[in-house]
There are 2 protein chains.
Amino acid sequence: MAEYPPFAVTADLVVLTVRADELSVLLVRRGVPPYEGAWALPGGFVGIDEDLPDAAVRELAEETGLPEPAGHLEQLGTYGHPGRDPRGRVVTVAWLALLPDLPTPVAGTDAAAAEWVPVTKVARGRLAFDHDRILGDGLERARAKLEYTPLATAFCPPEFTVAQLRAVYETVWDTRLDPRNFHRKVTGTPGFVEPVGRSTEGDRGRPAQLFRRGPATVLHPAMLRQHR
Amino acid sequence: MAEYPPFAVTADLVVLTVRADELSVLLVRRGVPPYEGAWALPGGFVGIDEDLPDAAVRELAEETGLPEPAGHLEQLGTYGHPGRDPRGRVVTVAWLALLPDLPTPVAGTDAAAAEWVPVTKVARGRLAFDHDRILGDGLERARAKLEYTPLATAFCPPEFTVAQLRAVYETVWDTRLDPRNFHRKVTGTPGFVEPVGRSTEGDRGRPAQLFRRGPATVLHPAMLRQHR
DNA sequence: TCCCCTTTTCGTCACTCAGACGATAAACAC
DNA sequence: GTGTTTATCGTCTGAGTGACGAAAAGGGGA
């Protein structure tokens, strides 16, 4: 293999969650050059004998301090512009993770200081490397996938109400949705959600039925939003 | 960078076209080990100073012998299982290209012997490396994208008729579509196609209006197919 | 206990859109 | 002309959605 150009390969993560009615991304503050002191996506180098998804899962566990709880993880894309890392030729495989709001603070084992940052507060052009663009692509992917997959449930705990699910859509899309039409849509789309059989108690208003995510992988019909 | 594990990075291409009413993929026969004599996706190593999209465009031009004509090119995904290449740790960034049927044979400059192979004739498990899986992912992506993007026009020449566009959908999806409903749908979706103002002549039947692709990047409403 | 407020859940109506299919238009072959 | 082929337009019906009314089911305070 010595005859082929040597690259370094990293795995970077766009980890999204919904907390306090805001879509937030997990960021770390870099403690070493380059971009020392700047915010960056969590990530790290892939081991020479390590599979790519394994590296993503490992980084996710290290940064969140949780042994791969619920949630969703998928490959987002690969970024390898020659000048993106001043240390040399580094190609990064970016991953998109969607998690329910974590009860534990995430400044866990390995990372210097991981923090949830509302995506509206991430200043454009402020992230290290090309992480600004990667984050943008991740947000776009997440917003699009809510339309035609049941992935919004990845932001919810194992059991949730229709209103919680609606709050996810409203937060990620930054829109308002009619509660009555949304309820009809969600409960009427086969395989989207399944009733648990119990209800909430102690909240304001009428108790709501609890659901868990259904077996569907794509939504038919889709949850369309206004594209203009 | 010597402290980081060295990877080789390649760019592999899933190049699709529609010819003779069949969805076909561009394959090369490997002339050197490993997998000598087996069919494989075209591709090659990324230069140490070469950007990833540039490598894909270069490989595409080399294999098709055409200087990036019309068509569409997008990143498909990255595959890097540790055992996928017996020569060492090779990570490949796969790209999906959709081209109109090329008038010239493609056994052009660089490739040993590039050939269009109907995807129905590609035996499962017969391709080198993990190219079987990459091809499968590419086909799935292409079929899905015809639903909600105007990408079917990438399979057509610059000017085309509604019937030609319908043939693309029917070939890629392997279904029959009603010509009257398809015509209404295509001409009624804003930005999908634009009339050129001229018509075909010399074919059988009534001459058909010529169209070119419109400015839309997503289709509203989408061209839905039956998913069951 | 009785109102008031909140939230969930069910219904209704009008409109859009897709599938099924009839009918007409415009070429060519004979 | 007649027949054949293909393109294009129209009509009807059922499904799905947005807008919105109304009832159900809890809690809190007078």
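I looked first for salt bridges (a side-chain nitrogen of Lys or Arg within 4 Å of a carboxyl oxygen of Asp or Glu) between domain 1 and domain 2 of chain A and found zero. The model is predicted: local features need pLDDT of at least 70 and side-chain atom pairs pLDDT 80 or more, while totals for chains, interfaces and linings use all residues. Side-chain values use heavy atoms, without hydrogens or water; residues are numbered from 1 along each chain, and chains are lettered from A and ligands numbered from 1 as written.

I took the bounds, 8–145 for domain 1 and 149–213 for domain 2 of chain A, from an automatic or database domain assignment. I noted 27 Å between the two domain centres, taken over C-alpha atoms.

I then recorded the buried area (accessible area, 1.4 Å probe, lost on putting the two parts together, summed over both): it is about 1100 Å², 70% of it from carbon and sulfur atoms. Val18(A), Arg143(A) and Lys145(A) supply 43% of what domain 1 of chain A buries against domain 2 of chain A.

I checked individual atom pairs last. A side-chain N or O atom of Arg204(B) is 3.0 Å from a phosphate oxygen of DNA strand D. A polar backbone atom of Arg206(B) lies 3.3 Å from a base oxygen of DNA strand D.

Methods. A polar contact is a pair of N or O atoms within 3.5 Å; within protein, one must be able to donate a hydrogen and the other to accept it, and residues adjacent in sequence count only if both atoms are side-chain atoms.
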